[in-house]
Amino acid sequence: MKPIYTKIIASIVLLLIFSNSFAQNIEGVITNNQNIPLEGANVVIKGTTLSSTANAIGKFSIDSQERFPLILIIQHVGYTSKEIIINKVSSTPLEIILGEENQLIEVVVSSRRRIEKVQNVPIAISVITGKQAEQTGAFNVNRIKELVPSVQLYSSNPRNTGINIRSLGSPFGLTNDGIDPGVGFYVDGVYYARPAATTLDFIDVEQIEVLRGPQGSLFGKNTTSGAFNITTRKPSFTSGADFELSYGNYAFLQAKASITGALSKKIAGRISFSGTQRDGLIDNVATGRTTNTLNNQGIRGQLLYTPTENTNITLAADITTQRPDGYAQVVAGVAPTKRAAYRQFNQIIADLNYSLPSLNAFDRKIDHDTPWRSGQDLGGVSLTIDTKIGTGTLTATTAWRFWNWDPSNDRDFTGLQVLAKSQNPTRHTQITQEIRYAGQLTSKLSGVAGVFFIDQTSKTNGTEESGNAQWRFAQSTTSSLWKTPGLFEGYGIKTDARIRSSSAAVFGQLDWAITDRLHVLPGLRYNFDKKDADYSRKTYGGLQTTDPALLALKKLVYSDQAFTSNTDNTDFSGNLTVSFKASDKINAYATYAKSYKPVGVNVAGLPTNSAGQPLLDLAVIKPEKVDHYEIGVKTSPFKNSILNLTFFNTDIKDFQTNVQAAELGVNRGYLANADKVRVRGAELDASFVINNHLTINGAATYTDGKYIKFTNAPLPLEETGASVAFKDVSGTDLPGASKWAGSLGGELSDNAKFFGNSGKIFIAVDSYARSEFSSSPSASKYLIVPGYAIFNARLGFRASQGLSVHFWGRNLLNKDYYEQLLPAGGNTGQYAGVIGDQRTYGITLKYSL
């Protein structure tokens, strides 16, 4: 943990640098009736996006960039919200007292580019605050899905990560750089193009907003199924610092630090760090070491410059590294295929005098002989300018980001040298520019309009190489030539795949207040997309021979392949929402959206025909066409309660799906279009404050996702070797779609003191469950992930200032469950599982200054 300690020490030094405050802003202290500071109280300048958060001693500072008089809204969980009119900046800090009342916080969001209460927004949104994420141990998106059951994340390694909302967004299975994700991922307004970003730790997060359904008229990059809108904590002109340290079993160690303060009268800074390490959860009996470790470190720095009262300029930079020994998968079972008996997995390994280290995946034992490596670096720089013009705000965000991927995989999932190497290092860079204006246009008309541009390049230089057992796994005839010594050993392919993708868009949405209660919200988007791809692979190695029969056998395993594809596409899309606020407690809305996902290109190899030539008609994939309908109602049926219900139906024509090919040379699967799919369902979100001590929250979703028409689907694993190459799977379930998923949690708390600090002692329990789902593009009875439920809990003391401590446990019942099942390269029958973590537990200490 030396790098973590080093950065924490550096952070403490920076705290001393930031110790003086020179700001001339609106300042104040927020306390309750007992004069206890209310750390985390939210302060917002009404009608703007300007906000601040009270520190451990209740102090806040907020830029006075609005014309006076202005209104401050002060909110805190468990206290009555208050509005205060400010006529001028005073030299004396405000003293604000909130009356204690255990009530739900009126959560505010900025998804529509203005600060507003989430219950007033006619969009299905789930909001997770940074504190809630920290307290529940949700330090990345994979754990956020346990709090928002409409979210699904599947990851066999960071590159092969897909994030879906309502079972839509990314093709289930292996990632192909040639298509765009359908779920937008934004951090402080910057779009992250690579789904690998979702596997890394959050750094100093203020709030996570999960928007469900198409959002193309609000965000720069088009999103067909939803968006993550993440905001980090901003620099403050008031000095402050937070330090957090967690320790758990399997040598889990996580350290976080954040320091902020003024550098001058107009410049404030913030630096934040997060580091996570943990020993492996799977034993490799071949190496004698555990694998699937955690080793993540990230740092984020921000500078805020306020040249005038109407302008904010924020420069941010971040870098996150991941160096685990891991993402290994364990053989979960063997499916008999339709190939000849000598080509069945069990017969193959018997002929090679090999046996698996365990027939039970949850023994968590592997004997992989190729190292698992999932190194990645993700980072970038952004410049955001917010300036008030008229009654609105003009925002310009310019960003450059990169992603470096350095992998090594054992795609046969055994201790045999079938694939001695399987690695496709990639470097991805992107430049984005977004300019938008949001504000009140007239007394009854407000809205947002903007332009967006992204240019991204992805370069992959991959290697896949056979080992000494490849001949037996690849053997497709009874010819004795397969046994030729050294024929396949060291035989492989070198791949050079490149794609450049550019996209430009104009988008906007209006909010027309016909009456105070009835609003009509039309949105429109025009998009241009262009993609240029080059794919080339060359064979090398193996037995050097001129024998045509031996060369023919080698070509059955790997062959040279090269192709280029160039395509562009334009599209109009839009949405129409009608919102009606029947009363202060009921807000109903209905939405129709016409959306799309851009054209795709294959850059991972194509399957070949009987003559060994690539099927070039699969090089370009049609864009998805989306028709989406949604109705919802947001209610507060009684005091301190929220009960929201949403019904949705999404029809997609030319659905982009990923196919895992039986050919080894198709390294990460290839893309194809399913004629039509449909996803429909319902969502329920609820929160209740029962009394001053007990709160309960829950969410549930029902999803029915089906292929309406898909006649050229890949064969299921057990049908590999059939006389046909494709299968009609119309009417079957979409992969990754559970019928039911839900979360339920509650907290019991009471006022207490700990080492002289005032705060609350609490016990909390959270649970997450989902029903079974298909883990294959074409439903296979062997690749059905059984449903499961997990339970997490925490017990401790939460201080309003100073020291907080709590004990935590995850998967308390030690449930064995799979997160994903996937076939081995070559589809010889064995399939592996991505296994959920077993029971973990530990302690977290936090200190706020």
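Ser-743 counts as buried because its relative accessibility is 13%, where buried means under 20% relative accessible area, exposed over 50% and partly exposed in between (1.4 Å probe, protein chains only). The model here is a predicted one, in which local features need pLDDT of at least 70 and side-chain atom pairs count only at pLDDT 80 or more, while totals for chains, interfaces and linings use all residues. Residues are numbered from 1 along each chain as its sequence is written, and side-chain values use heavy atoms, with hydrogens and water left out.

Ser-743 sits in strand S43, which covers residues 740-754; strands (E, at least two residues) and helices (H or I, at least four) are DSSP runs numbered from the N terminus. Leaving aside residues up to four places away in sequence, Ser-743 touches Glu-146, Leu-147, Pro-149, Asn-697, Gly-698, Ala-699, Ser-767 and Tyr-768, a contact being heavy atoms within 4.5 Å.

As for the overall layout, the protein chain splits into domain 1 (25-97), domain 2 (119-232) and domain 3 (240-314 + 321-374 + 381-390 + 401-436 + 451-848), with bounds from an automatic or database domain assignment. The centres of domain 1 and domain 3, taken over C-alpha atoms, lie 40 Å apart.

Strand S1 (residues 26-31) runs parallel to S7, pairing over 4 bridges, and Ile-30 stands opposite Ile-96 in S7.

Conventions. Two strands pair if DSSP finds at least two bridges between them.
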